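Dear colleague,

Please find below the structure that I am handing over to you.

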Amino acid sequence: LFYLGYYIINLPINNIYIKGNSFVSDDEILSLVDLDYESSFLLLNSRSLVKKIKNNKYVKDVKVKKKIGNKVIIDVYEYKVLCIYQNNKVILENNQILDNIYDLSDIPLFINDINDDKIIFNFSKKFSNIDSNILRQISQIEYSPVNVDKERFILYMDDGNIVYITLTKIYKLNKYNEIVEKMDGNKGIIYLDSGNYIELVEDNQVIEADDSAGVDYNNDTGN
């Protein structure tokens with residue numbers, strides 16, 4: 001009986017499934033918890049695994065499930081990375097500024113600095129509400145405050161357009177694709193900071209100003 005119990009307790013894990021991670025690799029997650037196929041399934045402490053994996057500051061949350069057949073499922077939820085900052089760092093949705101240890105490059109590049117902690121906090125809070133597909137269309141971000149608006153930013157888009165935005169109206173950026181459709185293939189400057197209008201530019205000359213207020217923002221909020 002003793003040997004039977006010993007055998008059952010030491011039955012190893014048959015399968016390990018890691019889901020949800022995009023830049024924190026499977027190997028890194030396994031190394032954080034010292035988990036392999038020789039580990040005991042019954043003695044596996046799910047809470048301990050969660051705590052160890054969350055030691056990685058890029059990880060927002062973790063859920064560990066033990067399934068019949070000695071299967072372990074690890075669901076990883078990473079923080080949203082908003083931009084590259086100061087060339088070798090990144091800003092996360094929770095206001096963390098971390099070293100860019102994963103060499104992330106498919107996110108916007110912040111081309112100057114913000115020397116105000118409150119502005120950085122508000123930036124990360126508001127920008128985290130931008131849809132991921134829109135965020136990936138931003139090439140560069142510039143902090144460009146003026147006397148009447150200390151939270152103004154200029155966004156240089158991959159398609160050549162320029163967007164002026166203030167943090168209190170950042171929700172409007174989720175309608176970017178609809179705004180661009182109204183531009184009929186033209187390039188221009190989109191003002192979403194102090195108004196909703198577009199300056200269409202041809203050969204570096206302003207040829208038309210079009211009110212973009214026709215875009216319906218009612219489904220979005222400024223929270």
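The largest pocket holds about 290 Å³ of space. A pocket here is an open set of points on a 1 Å grid over the protein atoms alone, where a 1.4 Å probe fits, with protein on both sides within 12 Å along at least five of seven lines; lining residues have an atom within 4 Å of a point. Points are joined across faces, edges and corners, and the volume is the space filled by probe spheres set on them.

This is a predicted model, in which local features need pLDDT of at least 70 and side-chain atom pairs count only at pLDDT 80 or more, while totals for chains, interfaces and linings use all residues. Residues are numbered from 1 along each chain as its sequence is written, and side-chain values use heavy atoms, with hydrogens and water left out.

The lining of the largest pocket includes Phe23, Tyr79, Val81, Glu93 and Arg136. By class, the lining residues are six nonpolar, one polar and five charged; Ala, Val, Leu, Ile, Met, Phe, Trp, Tyr, Cys and Pro count as nonpolar, Asp, Glu, Lys and Arg as charged, and the others, Gly among them, as polar.

The protein chain contains six helices and 13 strands, which are DSSP runs numbered from the N terminus (helices: H or I, at least four residues; strands: E, at least two). Of its 223 residues, 43% are buried, where buried means under 20% relative accessible area, exposed over 50% and partly exposed in between, with a 1.4 Å probe and protein chains only.

Strand E4 (residues 81-85) is mostly covered, with five of its five residues buried. E4 pairs with strand E5 (residues 89-92) in the antiparallel sense over four bridges; pairing requires that DSSP finds at least two bridges between two strands. Ile84 has Val90 in E5 as its bridge partner. Three residues separate the strands of this E4-E5 hairpin, and Gln86 in the turn has a positive phi of about 55°.

Two further residues other than glycine deserve a note on phi. Asp34, in the loop between H2 and H3, has a positive phi near 50°; Asp34 counts as exposed because its relative accessible area is 64%. Asn70, in the loop between strand E2 (59-67) and strand E3 (71-78), has a positive phi near 60°. Asn70 is buried, because its relative accessible area is 17%.
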